[in-house]
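Hi,

Here is the model I promised to pass on. Have a look at it first, and my notes follow below.

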Amino acid sequence: MTSHRFDPNFTDNVVNAMGENVNPRFRQLMASLIRHVHDFARENELTVDEWMAGVQLMNWAGQMSDAKRNEGQLVCDVIGLESLVDEITFKLADEATDAPTATAILGPFFRADTPFRSNGESIVKTAPKEKDGRGELAYMTGQVVDFVTKKPLVGAVVEVWQASTNGLYEQQDPDQEEFNLRGKFKTDENGKYSFYCLRPTPYPVPDDGPAGKLLKMMDRHPFRPAHIHIIATHNGYKPLTTQIFDRKDPYLTNDSVFAVKDSLVVDFVERKGDPQAGLELNYDVRLVPDGLKSNGA
Ligand code: BEZ
Ligand code: FE
């Protein structure tokens, strides 16, 4: 029974227009998408002008996107969609008490071609500028372990990236050396990785495009809490994409892209006797073996 005053057969007709040769999962997703979008339009009695404003926003996002900027993803991020999909995909991992490391969104600033560096090397290749705040240096180290056996994983790859103190990732900023504040590290015979980095600082997501326009229209700020991105991989284990967040950050409870999880909040502590860094962070990563359900069951 329909509870609206519009053509009761219209949505079924659109869904049923799909032919026989459709991938079943794609059919399910498209049918559901069409039903939800039509319900949204009917419930809100969407006008042609309002629909066209949405079309223009999508077009603008496409026109702004290139190899260095993924505005479509950013629009999804500010309405929480990437974080929700991450939560759905990795729900079990987040529920267990003795849990593997929780996941978090990839975000639009990942680069697949990041170079390997040696353990103990600094990823700070371009010093932050005085006017942007010179940044505090930190030594980050940790062990990658098997979530079930707790044994160290030798030769795991830990990839990290972070924004500089001016709020920009290197591909957004011509003044930063290529691959500044990025690196891939291989764990040693004890499963350990280590590198020098900046204590991360909060930054606004790019707000000069459609995502920024949406944020302003929703009366929201664009800031993300200070974080470091991590991807950890090892043969025979599920790849982990996550972010770790500085407990002292003022935006921890109101991330503009809704990515913070309690278990990913970390404490930078004072480091003594190292002229290269006044802070340190120990962060272990627990990977789930392939074929094991994420909650270890
Ligand atoms: C990031 O963490 O790099 C990010 C995530 C979502 C939107 C913009 C930036
Ligand atoms: Fe980021």
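Two elements, α4 (71-78) and β7 (227-233), each contribute at least two residues to the shell around ligand 1. (Helices here are DSSP runs of H or I with at least four residues, strands are runs of E with at least two, and both are numbered from the N terminus.) Before you read on: this is a predicted model, where local features need pLDDT of at least 70, side-chain atom pairs count only at pLDDT 80 or more, and totals for chains, interfaces and linings use all residues. Residues are numbered from 1 along each chain as its sequence is written, chains are lettered from A and ligands numbered from 1 in the order in which they are written, and side-chain values use heavy atoms, with hydrogens and water left out.

Which residues come nearest to ligand 1? Of the 14 around it, they are Asp-77, Tyr-203, Arg-224, His-227 and His-229; a residue is near if one of its heavy atoms lies within 4 Å. There are some polar contacts too (pairs of N or O atoms within 3.5 Å; within protein, one must be able to donate a hydrogen and the other to accept it, and residues adjacent in sequence count only if both atoms are side-chain atoms). An N or O atom in the Tyr-203 side chain sits 2.8 Å from an oxygen atom of ligand 1. For His-229, a polar side-chain atom is 2.9 Å from a ligand 1 oxygen, and for Tyr-169 the corresponding distance is 3.3 Å. Ligand 1 taken alone exposes 260 Å², and the protein buries 100% of that (Shrake-Rupley areas with a 1.4 Å probe; for residues, only the protein chains shown count as cover).

**The iron site**

Some of these names come back at the iron ion (ligand 2), which is coordinated by Tyr-169 (OH), Tyr-203 (OH), His-227 (NE2) and His-229 (NE2) at 1.9 to 2.2 Å. Donors are N, O and S atoms within 2.8 Å of the metal (3.2 Å for Na, K and Ca), and water is not among the atoms, so sites may look incomplete. Along the sequence, the donor residues follow the spacing Y-x33-Y-x23-H-x1-H. The iron ion has six donor atoms, with angles of 55 to 167° among them, and its site is irregular. (Four donors are tetrahedral if all angles lie between 85 and 135 degrees; four are square planar and six octahedral if opposite donors are over 155 degrees apart and all others between 65 and 115; anything else is irregular.) His-227 and His-229 are both buried, meaning under 20% relative accessible area, with exposed over 50% and partly exposed in between (1.4 Å probe, protein chains only).

Arg-224 lies in strand β6 (residues 223-224). Arg-224 counts as buried because its relative accessible area is 3%, and its side chain makes a 2.9 Å polar contact with that of Gln-243. Thr-242, in strand β8 (residues 240-246), is buried at 1% relative accessibility. The Thr-242 side chain reaches the backbone oxygen of Ala-102 at 2.7 Å.

**The whole chain**

The protein has seven helices and twelve strands, and 43% of its 297 residues are buried. Its C-alpha atoms fill a box of roughly 75 × 50 × 30 Å along the principal axes.

Glu-20, in the loop between α1 (10-16) and α2 (24-44), is exposed at 77% relative accessibility.

Cheers
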